[in-house]
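Biologist: Thanks for making time today! Could you walk me through the charged side chains in this model?

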Amino acid sequence: MKTIQKRFGEKVRELRLARSLSQEVLAFKAGVHRTYLGGIERGERNPSLKNITAIAKALNVSLAQLFSFD
């Protein structure tokens, strides 16, 4: 079973790619470092609520959408 960090990271990557954004551009929009965002996408990081909210805003999605896993 995948961890919540892995599932969340996959969702961030899916939404980022659907918007044709690079990790660098999304990281800039969210106010986080590109390597930190990469760690989130790989499920290696456990982001804070502040950073989760910033990523949702940068992707122009609700928090509910960000946590909607298939």
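This is a predicted model: local features need pLDDT of at least 70, side-chain atom pairs count only at pLDDT 80 or more; totals for chains, interfaces and linings use all residues.

Biologist: Let's begin with a total. How many salt bridges does the count come to?

Modeller: For a pair to qualify, a side-chain nitrogen of Lys or Arg must be within 4 Å of a carboxyl oxygen of Asp or Glu. The pair Glu-10 and Lys-2 meets that rule, with N to O at 3.0 Å. By this rule the count comes to 5.

Biologist: Is Glu-41 buried or exposed?

Modeller: Glu-41 lies in helix 3, which covers residues 34–41. Residues under 20% relative accessible area are classed as buried. Glu-41 has a relative accessible area of 0%, so Glu-41 counts as buried.

Biologist: Which residues does Glu-41 touch, not counting those up to four places away in sequence?

Modeller: Some of the neighbours show up through polar contacts of the side chain. Glu-41 has one of 2.6 Å with the side chain of Arg-16 and one of 2.8 Å with the side chain of Gln-23. With residues up to four places away in sequence left out, Glu-41 touches Gly-9, Glu-10, Val-12, Arg-13, Arg-16 and Gln-23.

Biologist: How many residues apart in sequence are the parts that the pair Glu-41 and Arg-13 ties together?

Modeller: Glu-41 forms a salt bridge with Arg-13, and the closest N and O atoms are 3.3 Å apart. Glu-41 lies in helix 3 and Arg-13 in helix 1, so the parts this pair ties together are separated in sequence by 28 residues.

Biologist: And which residues are linked with Arg-13 in a network of salt bridges?

Modeller: Arg-13 is partly exposed, with a relative accessible area of 30%. Its salt bridge with Glu-41 belongs to the picture. The residues linked with Arg-13 in the network are Arg-16 and Glu-41.

Biologist: What about Glu-14: how far apart are the closest N and O atoms in its salt bridge with Lys-11?

Modeller: Both residues lie in helix 1, residues 4–18, and they are 3 residues apart, about one turn of the helix. Glu-14 is partly exposed at 41%, whereas Lys-11 is buried at 11%. The closest N and O atoms of the pair are apart by 3.7 Å.

Biologist: One more, please! What relative accessibility does Lys-2 have?

Modeller: Lys-2 meets Glu-10 in a salt bridge between their side chains. Glu-10 counts as partly exposed, at 28%. Lys-2 also counts as partly exposed, and its relative accessibility is 47%.

Conventions:
Residues are numbered from 1 along each chain as its sequence is written. Side-chain values use heavy atoms; hydrogens and water are left out. Helices (H or I, at least four residues) and strands (E, at least two) are DSSP runs, numbered from the N terminus. Buried means under 20% relative accessible area, exposed over 50%, partly exposed in between (1.4 Å probe, protein chains only). A polar contact is a pair of N or O atoms within 3.5 Å; within protein, one must be able to donate a hydrogen and the other to accept it, and residues adjacent in sequence count only if both atoms are side-chain atoms. Contact means heavy atoms within 4.5 Å.
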